[in-house]
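Subject: Structure handover

Hello,

Here is the structure I promised to pass on. Please open it first, then read my notes below.

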Amino acid sequence: MTSLDSVLDKDGVRLTVDDAVATVTLTNPAKRNAQSPALWRALTEAGRALPGSVRVVVLRGEGKSFSAGLDRQAFTPEGFDGEPSFLDMARGSEAELDATIAEYQEAFTWWRRNDIVSIAAVQGHAIGAGFQLALACDLRIVAEDVQFAMRETSLGLVPDLTGTHPLVNLVGYARALEICATGRFVHAEEAERTGLANLVVPADELDAAARDLAGALLAAPRDAVVETKALLSGAVSRGYEEQRVAERAAQGRRLRDLAGITD
């Protein structure tokens, strides 16, 4: 193993790389890792800064909470220093508002790239944007004290940071609607039972469990994992026959590669 290499450390986000495993850490425990536009830009930058050797990315938060969601300062007239307040954004054109939200969403999209597998290690509160950030990852390991909640609707808003698609895929439309419309907490037992969590562990074992899973994911050849992830992620939008075709094409590529045959 190489020594831990710090690639990025800014605006509440730290990216470190250790061989094929990168760790993205939310580093503002005093504010329960509340999120802001600056943090979202740092998360986007972390995704772009990943070395090509990285195969697994672990996302974690320092302190007692993974992320308590959007920093409420966003809704004040003054907003954040150097940033337009959300109230000012609302007064702009629809096109400008759409472009701004699309920029924010970029912090949540790269976790499902086919060339990496992402793991969210979640403890304590994962509220709103925090819940959506955990949902952005491929896999979730949660501590026994985890509390997921989608509180946007109770604030008169909607979840807009890419969380609705994975939530519906994981728990189904009816449960997703109930979770979002009520804003209630989803605890560890329900998270595991409904597929939101792959594994529940005691809080003091969370980091070790994430490391163990990362190691297990590295055991198979990279190209096989990449192809398998692409097959599974695409299965949601493909019909049965389309998926059969995709399986054959992917297996053909793998067999030609193993045989050393190039097109």
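I start with a cysteine. Cys180 has a relative accessibility of 13%, so it counts as buried, the cut-off being under 20%. Keep in mind that this is a predicted model.

**Cysteines**

The other cysteine to look at is Cys137. Its relative accessible area is 0%, so Cys137 is buried. How far is the sulfur of Cys137 from the closest cysteine sulfur? The distance is 18 Å, to Cys180, and that is too far for a bond. A disulfide needs the two sulfur atoms within 2.5 Å. Cys180 is likewise in no disulfide, with the sulfur of Cys137 as its nearest cysteine sulfur. The structure as a whole holds zero disulfides.

**Helix 4**

Next, look at residues 129-136, which form helix 4. How many of its eight residues are buried? Eight of the eight are, so helix 4 is largely enclosed by the rest of the structure.

**Strand 4 and its partners**

Now turn to strand 4, residues 56-61. Five of its six residues are buried, so strand 4 too is largely enclosed by the rest of the structure. Which strands does it pair with? One is strand 3, residues 21-26, in the parallel sense over six bridges. There, Val21 has Val56 of strand 4 as its bridge partner. Between these two strands the chain passes through helix 1, residues 37-49. This β-α-β crossover is right-handed.

Strand 5, residues 117-122, also pairs with strand 4. The sense is again parallel, over four bridges. Val56 turns up here as well, standing opposite Val117 of strand 5.

**Aromatic rings**

How many aromatic pairs does the structure hold? It holds five. Ring pairs join Trp40, Phe86, Tyr104 and Phe108 into a cluster. Another ring to find is that of Phe185. The charged end of Arg151 sits over it, 4.6 Å from the ring centre.

Best wishes

Notes. Residues are numbered from 1 along each chain as its sequence is written. This is a predicted model: local features need pLDDT of at least 70, side-chain atom pairs count only at pLDDT 80 or more; totals for chains, interfaces and linings use all residues. Side-chain values use heavy atoms; hydrogens and water are left out. Buried means under 20% relative accessible area, exposed over 50%, partly exposed in between (1.4 Å probe, protein chains only). Two strands pair if DSSP finds at least two bridges between them. A crossover is right-handed if, with the strands pointing away from the viewer, the path from the first strand over the helix to the second runs clockwise. Rings of Phe, Tyr and Trp (its six-membered ring) pair if their centres lie within 6.5 Å; planes under 30 degrees apart count as stacked, over 60 as edge-to-face and the rest as tilted. A charge sits over a ring if NZ of Lys or CZ of Arg is within 6 Å of the ring centre and within 35 degrees of the ring normal.
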